[in-house]
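Please read this note with the model open beside it. The points can be checked one at a time.

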Amino acid sequence: MTPSSPSDTAVRPAWADLPRPLRDGLAARLGEVRRAHVQTGGFTPGLAARLQLADGDQVFAKGIPADHALAGKYQAEARTALPDIAPAPRLRWDAVIGGWIVLVFDDVAGRHADLPPGSSDVARVVAMVGGLASVLTPCPAPKVPAAAAELSDMVHGWRELAASPPADLNGWARRNLDRLARTETAWLTAADGDTLLHGDINRSNLLVTDDEVYLVDWAQPVRGAPWLDLADLIPHLILAGHTPPAAEQAVAPAITATGVSAQTITSYAIAFAGYWSRTSRDPAPPDVPNLRKYQARAAHAALTWAAHRTRWS
Ligand SMILES: Nc1ncnc2c1ncn2[C@@H]1O[C@H](COP(=O)(O)OP(=O)(O)O)[C@@H](O)[C@H]1O
Ligand SMILES: [Mg+2]
């Protein structure tokens with residue numbers, strides 16, 4: 001597994017290194033923890049572990065100190081009430097234990113989805129994401145921010161890169177910087193809607209079993225239009241080895257069914273390429289050493305997607 005694979009990216013505390021009050025508090029609620037299998041997927045430096053309990057039960061626990069910069073995401077995930085029929089593990093409870101925000105879920109005995117060309121997971125994942133809107137509209141969770149307002153501050157990058165072009169900027173991007181900067185916001189007018197969206201679809205959040213495909217980590221939900229979660233799959237399919245046309249072909253029927261325009265998707269592809277191109281150049285956040293390398297690979301994938309859609313030379 002390479003460090004830039006989303007299956008092995010997070011640097012997380014070992015069970016034995018967690019503060020004693022946290023472990024004791026968890027044991028007080030769960031009973032003795034016989035075995036803790038720390039999960040390395042994702043990018044958060046928090047606790048993420050599958051726990052085998054003395055009574056034979058198995059749960060998944062995640063948590064972070066309540067004063068950590070990412071604590072708000074864990075609180076948001078605890079609020080993201082999903083209906084039972086959503087393809088996501090059930091949140092059993094959340095609590096503050098020993099100064100940590102802790103969420104305990106049903107355990108999924110699965111693996112991360114495999115997304116390279118030819119993998120049978122691809123159609124299963126597309127079908128699962130394509131079906132989310134039917135169970136998550138109207139938005140069932142409270143206090144979920146509207147997509148356009150929430151994402152306009154985040155999913156972009158070309159205006160900043162055009163203002164001060166980095167020396168190592170990809171040649172295609174450099175040649176097209178001005179029109180990339182002009183086009184990267186057009187999709188926002190089509191982003192709003194009344195569907196609960198996941199907002200962070202990537203391989204590390206897709207768990208596959210023989211019967212089901214689950215979407216985990218509802219920590220940055222937005223309320224918006226269903227095409228957004230589907231479009232997020234495309235750069236991740238490219239990242240996994242699909243050509244841009246093959247990635248689009250895999251997701252196109254589901255995206256078309258949402259009624260979104262081709263121009264909107266093109267603008268979104270540009271914005272995503274800008275987001276990753278910009279953020280991959282930021283300093284690494286504390287305790288997340290693999291994030292920027294992953295974002296640089298993702299930027300490359302999204303750039304090939306944007307170049308394919310625009311046909312700009
Ligand atoms: N309910 C679950 N059952 C089993 N494993 C899970 C479950 N939820 C998440 N995981 C695993 O733990 C990893 C990290 O969990 P996630 O909720 O994505 O946390 P983070 O916010 O740190 O990315 C995931 O990549 C997945 O492999
Ligand atoms: Mg995750």
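The numbered points below go from the overall layout to single residues.

1. Basis of the note. This is a predicted model, in which local features need pLDDT of at least 70 and side-chain atom pairs count only at pLDDT 80 or more, while totals for chains, interfaces and linings use all residues. Residues are numbered from 1 along each chain as its sequence is written, chains are lettered from A and ligands numbered from 1 in the order in which they are written, and side-chain values use heavy atoms, with hydrogens and water left out.

2. Domains. The protein chain splits into domain 1 (6-106) and domain 2 (111-310); these bounds come from an automatic or database domain assignment. Taken over C-alpha atoms, the two centres are 26 Å apart. Contact here means heavy atoms within 4.5 Å. By that rule, 23 residues of domain 1 touch 27 residues of domain 2.

3. The sheet. Strands β6, β8 and β9 form an open sheet of 3 strands in the order β6-β8-β9, with antiparallel pairing. Because β6 (111-112) and β9 stand at the edges with a single partner strand each, one side of each has no neighbour in the sheet. Helices (H or I, at least four residues) and strands (E, at least two) are DSSP runs, numbered from the N terminus. Two strands pair if DSSP finds at least two bridges between them; β6 and β8 are joined by 2 bridges. In one bridge, H112 is partnered by L207 of β8.

4. The helix across the sheet. Helix α3 (residues 121-136) lies across β6, β8 and β9, at about 50° to β9. Axes are lines fitted to C-alpha atoms, for helices over the stretch in contact, and angles run from 0 to 180 degrees between N-to-C directions. In the loop between α3 and α4 (147-152) sits P138, which is joined to T137 by a cis peptide bond with omega of about -10°.

5. Y214. This residue is in strand β9. Apart from neighbours within four places in sequence, Y214 has contacts that include P87, V108, M128 and N205.

6. The magnesium ion. Which residues coordinate the magnesium ion (ligand 2)? N205 (OD1) and D217 (OD) do, at 2.1 to 2.2 Å. N205 is in the loop between β7 (195-197) and β8 (206-208) and D217 in the loop between β9 (213-215) and β10 (222-224), so the pair ties together parts that are 12 residues apart in sequence. Donors are N, O and S atoms within 2.8 Å of the metal (3.2 Å for Na, K and Ca), and since water is not among the atoms, sites may look incomplete. N205 counts as buried because its relative accessibility is 4%; buried means under 20% relative accessible area, exposed over 50%, and partly exposed in between (1.4 Å probe, protein chains only). D217 has a positive phi of about 70° although it is not a glycine.

7. T279. Helix α10 (residues 262-279) contains T279, which counts as buried at 7% relative accessibility. Its side chain makes a polar contact with that of Q295 at 3.5 Å. A polar contact is a pair of N or O atoms within 3.5 Å; within protein, one must be able to donate a hydrogen and the other to accept it, and residues adjacent in sequence count only if both atoms are side-chain atoms.

8. R311. The segment after α11 (291-310) holds R311. R311 has a positive phi of about 65° although it is not a glycine, and at 64% relative accessibility R311 counts as exposed.
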